[in-house]
Structure formats: C-alpha cells, structure tokens
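Subject: Structure handover

Hello,

Here is the structure I promised to pass on. My notes on what turned up follow below it.

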Amino acid sequence: MAVWGAAALLLLLPLVAMQVTDEADWDLADFVTFGAMLVTAGGAYELAARQTGNHAYRAAVGVALVTAFILVWMNLAVGIIGREDNPANLMYPGVLAVGIVGAFAARFRPQGMARALVATALAQALVAVIALTAGLGSALVLTGIFMALWLVSAWLFRRAAREQTAGAPQ
C-alpha cells in the first residue's frame, strides 16, 4: 500500500504545483505518461516484493526502479544532454536496455542482477564518454549520480546473494 500511496501522491504533486505557480504547466499527455510510468514502476516493485522476502533484494529492486524512473523522466522532461529534443538523449534508453536484458539473462537471480547493474553503470558512463567525445556537452555530475545509484543497487543485489547463500541448506 505504501508504494501505491506514494505513487498517487507523486501524481498529485504536479496538479497542486499548477495551482500555485505558472512554472508547472502539464497537459493530459504529461499526466498520462507520468501515471503510466508510476504504474509500471510500482507494479514491477510489487511483483519483485511478492517473489522474495529478502530485504536486500527488495531494496536493490527499489533503488534500480527509482533510478530508472528518474532517468526516464528527466530525459523526457528536459533532456540530459542538451534539451529533450536532442537526438543524443536517445542513448539513454540503451542504458536501460543493458539493465533489462541483463536482468532477464540473470533470470532475476541476485548474483546475476548485481552484474547486470554494474553493466548498467558502465553503460551510463559510456554515454557520458560518447557525449564528451562528440562535443555534445557533458552531464558528468548527473552521470556520476546515476552511476552511484546503479552501483548501490548492484551492491544490494550482491548482499542479497550472500544472504541467500548463507541461508541455503548445506
């Protein structure tokens, strides 16, 4: 319930902001997109949470989903490299694809998920290197933040794998 309550609150924030300031100017498409993103992230978290009681695994999934959510939202809203219409921003779905393909390849097992999230952090760094090399601008601070979040998720998955191994019958 907490996840869905937080999602509903997040969806209401722009509506409240629109009443207070002219800086927030959302249309129906913005609300639908944001709502779909919240439902996707919330549903993915709920599915993962129902599959395991491992708190480290749940936290790892939460960090990964929040990171992906913020990456997508920032990219759609204002763009990370330049403005939102800059074609260089199309590299960021590739970052997410690395994580998604890695997760499926790992069959969502914690040890493999840890590797997938490290690969995602490396893909995030690669986007920054490509952007810098091509003279497209830099998002080094944001890249560092996103990489740190992907690596925190990887660390939590590794911890979940150790807890799973420690609890396994010998």
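The largest nonpolar core has 30 residues. Leu71, Tyr92, Val95, Leu117, Trp150 and Phe157 touch the most other members. Four helices each supply at least two residues of this core: H3 (55-77), H4 (92-105), H5 and H6 (140-167). H5 gives the most, with eight residues. Please keep in mind that this is a predicted model.

In soluble globular proteins, nonpolar side chains tend to be buried together.

Back to Tyr92, one of the residues named above for the largest core. Leaving out residues up to four places away in sequence, Tyr92 touches Leu71, Asn75, Ile80, Ile81, Gln124, Val127 and Ala139.

Next, H5 itself. This helix covers residues 110-133, 24 residues in total. From the first C-alpha of H5 to the last is 34 Å. That is close to the 34 Å expected at 1.5 Å a residue. Just after H5, Gly135 takes a positive phi of about 70°.

Now the surface. Val3, Trp4 and Val39 make a nonpolar patch of about 230 Å². Val3 sits in helix H1 (residues 2-20).

Best wishes

Methods:
Residues numbered from 1 in each chain as written. Predicted model: local features only at pLDDT ≥ 70, side-chain atom pairs only at ≥ 80, totals over all residues. Heavy atoms only, no water. Expected span 1.5 Å × (residues − 1). Patch = residues over 30% accessible without salt bridge, like charges linked within 9 Å, V, L, I, M, F, W, Y side chains within 5 Å. Areas by Shrake-Rupley, 256 points an atom, 1.4 Å probe, with all protein chains shown as cover. Salt bridge = Lys/Arg side-chain N within 4 Å of Asp/Glu carboxyl O. Core = buried A, V, L, I, M, F, W, Y, C linked by side-chain atoms within 4.5 Å. Buried < 20%, exposed > 50% of the residue type's maximum accessible area, 1.4 Å probe, protein only. Contact = heavy atoms within 4.5 Å.
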